[in-house]
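This report looks at aromatic ring pairs and their surroundings. The sequence and the model come first.

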Amino acid sequence: MNVESESRTRADVDTSKLWESLKVLEQSSSSGDEESEVNPFIQCLNYNKMLKILLRLFKFLTREQILTIVTLIMSNLENLLVIKNGSYTTYPNKKVPENIVKLVEAYTLTFSKVLMNAVLDFKFNEIIGLLVILIEHNNVSFVSTTKIGLSILTTLLSRAELIIGEGSISATDLSEWSSCYDELFTSLESRIAAIFPPNPEDVDDGSSGENYIWQFLATLSLGGKLSHQRIIVDEVRDEIFGVMNRAKAIANTDMANLYKKQNLLNN
């Protein structure tokens with residue numbers, strides 16, 4: 001990128017051309033649109049080449065520009081291949097194809113890190129706004145059956161809970177958050193167990209690499225009332241017992257990892 005080379009010799013680099021080249025504002029779109037109508041920037045996110053430069057790219061964008069991009073992504077989640085083709089529910093054998101699995105891995109190393117860094121600068125009302133857009137423009141129960149979709153939800157929910165924990169949120173903001181959470185929970189209720197792929201080895205292989213489902217459940221529970229927490233536990237009760245049963249059949253070191261996942265909900 002030209003702007004990157006210029007930044008090595010100048011402090012005040014003009015990034016306006018870089019922003020324009022991303023075409024973030026060129027064409028509005030949302031999940032479900034025909035491919036030809038999808039925003040060009042969103043389409044680029046389906047390719048490894050774009051993912052590889054995301055971390056470098058975001059260094060030259062303003063906070064407002066980053067928020068604009070994340071907002072666009074939230075309304076277009078189902079136009080991303082890692083979401084659109086990343087759910088086991090769309091395949092007869094309940095297995096996500098290897099090429100999509102590799103793309104998901106690339107997202108985990110790039111996009112997920114960029115998003116986690118970005119939300120640290122977002123205000124509470126902006127986090128709520130992003131969640132509302134995600135809920136209104138996507139099928140949340142479907143998105144939650146994908147690894148990247150679940151990771152995005154976890155990131156936004158976690159950030160909201162951290163801000164609430166700081167104790168500086170007004171009663172109005174808390175009321176808006178409660179409404180947002182209720183809307184999210186309603187879109188997931190009765191389908192929470194579906195976030196677990198049907199093949200246990202895809203989730204509970206004893207490694208720490210597949211904790212994203214349990215981390216989401218723990219985060220969702222943390223933000224909810226007792227009634228929400230009871231529903232969550234009831235819906236995933238079979239999975240909790242499944243973890244316990246599988247733990248009996250594997251080595252002690254792996255068993256410890258499985259019990260950690262169960263304890264995320266118990267604590």
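Buried here means under 20% relative accessible area. By that cut-off Phe196 is buried, and Trp214 is buried too. Tyr181 and Phe185 are likewise both buried.

The model is predicted. Its mean pLDDT is 88 across the chain. A pLDDT of 70 or more is reached by 82% of the residues. Residues 203-209 fall below 50. Even so, that stretch has 21 contacts in the model beyond near neighbours in sequence.

How many aromatic pairs are there? The count is five. Two of them are set out below.

| Pair | Geometry | Centre to centre | Angle between planes |
|---|---|---|---|
| Tyr181 and Phe185 | stacked | 6.0 Å | 20 degrees |
| Phe196 and Trp214 | edge-to-face | 5.3 Å | 65 degrees |

The Tyr181 and Phe185 pair is stacked because planes under 30 degrees apart count as stacked, and the angle for this pair is 20 degrees. Both residues sit in helix H12, which spans residues 171-188. They are four residues apart, about one turn of the helix.

The Phe196 and Trp214 pair is edge-to-face, with 65 degrees between the planes. This pair links distant parts of the chain. Phe196 lies in the loop between H12 and helix H13, whereas Trp214 belongs to helix H13 itself (212-223). The two residues are 18 residues apart.

Which residues do ring pairs link into a cluster? The members are Phe124, Trp177, Tyr181 and Phe185. The stacked pair of Tyr181 and Phe185 is therefore part of this cluster, in which rings pair if their centres lie within 6.5 Å.

Note on methods. Residues are numbered from 1 along each chain as its sequence is written. This is a predicted model: local features need pLDDT of at least 70, side-chain atom pairs count only at pLDDT 80 or more; totals for chains, interfaces and linings use all residues. Side-chain values use heavy atoms; hydrogens and water are left out. pLDDT is the predictor's confidence in each residue, from 0 to 100. Contact means heavy atoms within 4.5 Å. Rings of Phe, Tyr and Trp (its six-membered ring) pair if their centres lie within 6.5 Å; planes under 30 degrees apart count as stacked, over 60 as edge-to-face and the rest as tilted. Buried means under 20% relative accessible area, exposed over 50%, partly exposed in between (1.4 Å probe, protein chains only).
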